[in-house]
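We will go from stop to stop, picking residues as we go.

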Amino acid sequence: MTDDPRKPKAFRLEPETSAPKQASGAAAKADASKAGTRKPRTAKTKPKGRQPRALKAPEIHFEEPSDDTLLPAVARDHTIAKRFRWGGILLSGALGLAGLWAGLAATQLIEDLFARSPTLGWIGSGLLALVLVAAFAIIVRELFGLWRLKRLGTTQADATRAISADDAKAAQATLTDLHAIYDARPDMRWGLAQLKEHSQAIMDPADRVKLAERDLMKPLDEEANRIIARAARRVSVVTAFAPAALDIALVGAQNLRMMRELATLYGGRPGTLGTMRLAKMVAGHLAVTGGLALSDGVISAVIGKGLLGRLSARFGEGAVNGILTARIGLAAMELCRPLPFLTQPRPGLSDFMREVVSFGGDGEQANQDKSDKSD
């Protein structure tokens, strides 16, 4: 058998479609040496250590929860119970029953009067009509008093917004309300005429409000100071000389009278309900500002007058009650005044100290000093 060596020759291998993705190192070198045209694969250098991948922040959508969901179950139940006012239902039902009882009683009375005599029946009917008309007038007056008191607060809020934000609409609304409040008063006609004359030449909203305070509020503030001083002196005397069982009621009545006079002076003219509402507002204002607490300066001023040393304790208690009355009057003045204090000086408690703690010759001397200054 003869050996017939085969001559070497180059040939190309077609790549297989089902070939694995990665071949071994020896097979890759053999293919590269046989093909001649395929470039050797360069090894990729891997970074040392494990590199963290950048993660995309997920999008989170927040939903504003309601107030009830933020509260625990007990608080939610308390809130629901608070919204459902049983006290209001009780008061409404009691008033309804009282109205029905009064109507049936009046009807029965009129029927009995007609049964006795037609003349008595018609007289009773006329008196009942008079009572109904008077009750309707009182209700309307109280509602108008509450509305006027609310209008003073609205005017003050508009004036504050006109000053702080330089709002022309708020300034115009303030001037319109002032004209509506004081147009029917003879003592304010001169101030309104001056305001109308000067406001035409001023365009800045804040300056127009300041001009209104200068022309309208100055005489009212002077009268308000006199009202507060009279009330403080009256409370001091009542507390010093009235029996201990009646001094609280008398002091409360004097304070309500003072608040009503101040509200009427500034254009509120509240009725009974309006005065009670004003007293509630004053109490809230004093609770927020801490105005009922006597400061060290006030106490030292009272002691410096010698009241606690040379007079009775009852008279010293009257002086302290007079000072508290003056503080209540200042709070009512701030609430009833339709304009905030801008150009006019804000009265302080020290302005009424001499009026409260001075009696007899001191009071006459103070009045004489005031008259000399005015002259």
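Select D166 to begin: this residue follows α5 and has a positive phi, near 55°. You are looking at a predicted model, in which local features need pLDDT of at least 70, side-chain atom pairs count only at pLDDT 80 or more, and totals for chains, interfaces and linings use all residues. Numbering runs from 1 along each chain as its sequence is written, and side-chain values use heavy atoms, leaving out hydrogens and water.

Now select α5 itself, residues 118-165; helices here are DSSP runs of H or I with at least four residues, numbered from the N terminus. From first C-alpha to last, the 48 residues of α5 reach 70 Å, close to the 70 Å expected at 1.5 Å a residue, that is, 1.5 Å times one less than the number of residues. Its buried residues (under 20% relative accessible area, 1.4 Å probe, protein chains only) include E142, R148, R151 and D158.

Show E142, L146 and L149 of α5, which meet α10 residues including L273, R277 and M281 (contact means heavy atoms within 4.5 Å).

Methods. Axes are lines fitted to C-alpha atoms, for helices over the stretch in contact, and angles run from 0 to 180 degrees between N-to-C directions. Helices (H or I, at least four residues) and strands (E, at least two) are DSSP runs, numbered from the N terminus. Buried means under 20% relative accessible area, exposed over 50%, partly exposed in between (1.4 Å probe, protein chains only).
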